[in-house]
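Subject: Structure handover

Hi,

Here is the structure for your files. Please load it before reading on.

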Amino acid sequence: MQANSAFAEAKFDLFGAIVSQAPEAIIFADCQGAIRVWNDGAETIFGHAAANVLGESLDVIIPERLRKRHWEGFHKAIDSGQTKYRNQVLTTRSVHKDGSKLYVELSFSLVRDGRGAIVGSLAVGRDCTARHLKAVARSSANSVNQAE
């Protein structure tokens, strides 16, 4: 295990580097919904620099019309210790810094401390806008062709 000793010797923060450099968005919000982790992938997908969103509400990426439902589900998960979409990937709407609408695939989990207490929520996701719009267009074209 030569690689392990190299990491230990350099005191390299492997976990931090993985989170920071992952191409997927990795977002952690505390129990109040304030963003505490926002990686490079999240910056790329949503357009917000980490410095501008850390400590802010998740509302920066949630379309206004979906916020009530989001917060109901968020608080229910935090309070109950259970996520509705555990072990699932959910395709949902989001919003970019420039106001454009996105489709994102997200998976969610609750994060617990060493005592088992919930300290927040983790979302890992990727932009699937192009693929989703292409599928919708293909479905629409198939519907038109079947109607003819």
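Below are notes on the pockets and the aromatic contacts.

This is a predicted model: local features need pLDDT of at least 70, side-chain atom pairs count only at pLDDT 80 or more, and totals for chains, interfaces and linings use all residues. Residues are numbered from 1 along each chain as its sequence is written, and side-chain values use heavy atoms, without hydrogens and water.

Pockets

The largest pocket holds about 880 Å³ of space. A pocket here is an open set of points on a 1 Å grid over the protein atoms alone, where a 1.4 Å probe fits, with protein on both sides within 12 Å along at least five of seven lines; lining residues have an atom within 4 Å of a point. Volume is the space filled by probe spheres set on the points.

Its lining has 32 residues, and R69, H70, Y85, L90 and F108 are the closest to the centre. Helix α5 gives the largest share, eight residues. Helices are DSSP runs of H or I, at least four residues.

The second largest pocket has about 150 Å³. Among the residues lining it are Y85, R86, F108 and R112.

Aromatics

There are two aromatic pairs, with ring centres within 6.5 Å; planes under 30 degrees apart count as stacked, over 60 as edge-to-face and the rest as tilted.

- W38 and F46: centres 5.7 Å apart, planes at 45°, so tilted. Both are buried, meaning under 20% relative accessible area with a 1.4 Å probe, protein chains only.
- W71 and F74: centres 5.2 Å apart, planes at 75°, so edge-to-face.

Best wishes

Methods. Rings of Phe, Tyr and Trp (its six-membered ring) pair if their centres lie within 6.5 Å; planes under 30 degrees apart count as stacked, over 60 as edge-to-face and the rest as tilted. Buried means under 20% relative accessible area, exposed over 50%, partly exposed in between (1.4 Å probe, protein chains only). Helices (H or I, at least four residues) and strands (E, at least two) are DSSP runs, numbered from the N terminus.
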